[in-house]
Amino acid sequence: MENEFTYAVYSSFLNEHKLLGSRDKKNGAVFLPPRPLNPQNYSVDMEWLEFSGKGTLEAYTIVYIAPTAMIEEGFDRKNPYCVGIVKTEEGPMVSAFIKDVDVLHPETIKVGTAVKASFIDRGEGEARQSFLAFQPA
Amino acid sequence: MSTKKLARGVALVGAGMSKFGAFKGKTSRDLFVEAFVEMLASVDKPFDPKSVDALYVGNYSSDLFENQGHTAPIMASWVGLTPIPAVRVEDACASAGVALREGILAIASGLCDIVVVGGVEKMTDLPTEKVTDTLATAADSQFEIPAGFTFPGFYAAMATSYMAAYGATPETFMKVGIKNHNHGSLNEKAQFGAKISTLMEVRKASAAKKGLPIPEWKDELEFLKDERANPIIAWPMRLYDCSPVSDGAAVVLLVSEELAAKFSDHPIFVAGVGQASDGALHDREELNSIPSARLAGQKAYEMAGIQPKDIDFAEVHDCFTIAEIIASEDLGFFEKGEGWKAAEAGETASSGKKPINLSGGLKSKGHPVGASGVGQVVEVWKQLRGQAGERQLPGKLKFGLTHNVGGTGQTCVVHIFERRD
């Protein structure tokens, strides 16, 4: 299973609060989210790579009209949240929830801010699933 | 790589659309019939619909919006086109633009001579949050949506990247909305065909009537900056930065170039076609430009043998106001980072040097997602033939361009149309 570079395995690492992507053993290209096939050279000879969790915020928004899944987490117009795109130290960019920023003063959040990986747990016991988030470093 | 050409030419000889809006009690097929009937009336010379060889229908998600799959044969049946091949094309909000390209390719291949291409979407039966969820399926449901992204959110994030790189402000985006509502106020098919200034006066009058304090907005920008009038959807995108949830359909008639004169006194020719694909937003080199749009535009210009400066006017995919600014750069109308300045200077208004979205765009006209790509073509058809009424661009027009984006740019399709007579 650990040799399958799937969403299921990626999620199981997130549940351990670890951020792992895949790396092409041949040319060292790194992928986050993990991919089973390197689109540049079609190599499928991959290995898992644990990311440092360091990165910079490249783009963000404060969501006031939330999708159903986020409404169920308690977010709405009165309780908006930040989501963004982070460029990891290793290179790839990833979409993630952004914690610990002043959502009511979005102009204070700056593109280029150094961030570090964090994790959000939703559900309990067997149903617990961790999601990737970042927060200012 | 050498420039690819169509194996034979294709002409646009008819175009029609339903009104765009929220139509309780009307389903996709009703709207499609409305558009089809207007298309028939637009063909200059007598034409028998039974001679059509194939139907292509752009539709994003009738499955989730209306609990109806297998949509294309239903449309064929309701407009009297069965038993010809009927094909549904889905590439999110670019579904109709891509359906158009498929119709063009069918004629260019020699297998078809006469093709009907349409687009249709019925979105307003679902509550807003279900519409949001349905649209979200056009993004990456494993790696984007669980993070908390919504479609307004994606474009809002692109806007923060654009603002940080080039200095635009949320006010810039508001000005795009004001411009498109000005254009849409002259379009009888528009869902929100009122100027922002008119909407502002309506709000004032409504407050006065209810005996409430009358808001003191001194101009449209002040109105748009007021959270009560223009709430944030996904910062910096506010309500009036977002295209609406819409019902609507649009239909065009394509024939091979050699048949064009048999159908039309003033046919419009397909000069260039370009389409490209891409991965999720976070998988791209940059977040304030749409690479698939640049590539699709480049291919279309090459096929047409023209430059961006040759385009007289364009209908671009302004699903959000920031998207229009990015499109104006991706299509080469303005240098990278300059599009917002051009928008602020009025260069993209009907009176400017590069008019964009004379129809009102998706913002004012409405955005029935699977119909929008063909809806854009209806405007180009009218403008190039001098039939756009009050919003007709003056002077002799030769080239009109349409730019239709799926998702955040996982798909983009660009068409260039030419009037030769």
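Colleague: In chain B, is the crossing in which α1(B) passes α3(B) left-handed or right-handed?
Modeller: The crossing is right-handed. Please keep in mind that this is a predicted model.

Colleague: At roughly what angle do the axes of those two helices cross?
Modeller: The axis of α1 of chain B (residues 28-42) crosses that of α3 of chain B (residues 71-78) at roughly 50°, and the two come within 10 Å. The angle is why α1(B) is described as oblique to α3(B).

Colleague: Which residues make the contact?
Modeller: From α1(B), the contributors are Ser28(B), Arg29(B), Phe32(B) and Val33(B). On α3(B), they are Thr71(B), Ile74(B), Met75(B) and Trp78(B).

Colleague: And how does the contact of α1(B) with α3(B) look by class?
Modeller: Five of its residues are nonpolar, two are polar and one is charged.

Colleague: Turning to the two chains, how many residues does each give to the contact?
Modeller: Chain A gives 26 residues and chain B gives 28.

Colleague: Which elements of chain A supply at least two residues each to that side?
Modeller: They are β4 (54-63), α2 (68-71), β5 (81-88) and β6 (93-98) of chain A. The largest share of this side of chain A comes from β4(A), with six residues.

Colleague: How do the residues on the side of chain A that touches chain B divide by class?
Modeller: There are 21 nonpolar residues, four polar and one charged.

Colleague: What joins β4(A) to β5 of chain B?
Modeller: Two bridges join β4(A) to strand β5 of chain B (residues 232-235), and the strands run antiparallel. Within β5(B), Ala234(B) is the bridge partner of Val63(A).

Colleague: A change of topic: into which domains is chain A divided?
Modeller: Domain 1 of chain A covers 1-50, and domain 2 covers 52-137. Their C-alpha centres lie 22 Å apart.

Colleague: How many residues does the contact take from each domain of chain A?
Modeller: It takes ten residues from domain 1 of chain A and 13 residues from domain 2 of chain A.

Colleague: On the domain 1 side, which elements supply at least two residues each?
Modeller: Those are α1 (7-15) and β2 (30-31) of chain A. The largest share, three residues, comes from α1(A).

Colleague: And what classes make up that side of domain 1 of chain A?
Modeller: The residues of domain 1 of chain A that touch domain 2 of chain A comprise six nonpolar and four polar, with no charged residues.

Methods. Residues are numbered from 1 along each chain as its sequence is written. Chains are lettered from A and ligands numbered from 1 in the order in which they are written. This is a predicted model: local features need pLDDT of at least 70, side-chain atom pairs count only at pLDDT 80 or more; totals for chains, interfaces and linings use all residues. Axes are lines fitted to C-alpha atoms, for helices over the stretch in contact, and angles run from 0 to 180 degrees between N-to-C directions. Helices (H or I, at least four residues) and strands (E, at least two) are DSSP runs, numbered from the N terminus. Angles under 35 degrees count as roughly parallel, over 145 as roughly antiparallel, 65 to 115 as roughly perpendicular and the rest as oblique. A crossing is left-handed if the near helix is turned anticlockwise from the far one by less than a right angle, and right-handed if clockwise. Two residues are in contact if their C-beta atoms, placed from the backbone, lie within 7 Å. Ala, Val, Leu, Ile, Met, Phe, Trp, Tyr, Cys and Pro count as nonpolar, Asp, Glu, Lys and Arg as charged, and the others, Gly among them, as polar. Domain bounds come from an automatic or database domain assignment. Two strands pair if DSSP finds at least two bridges between them.
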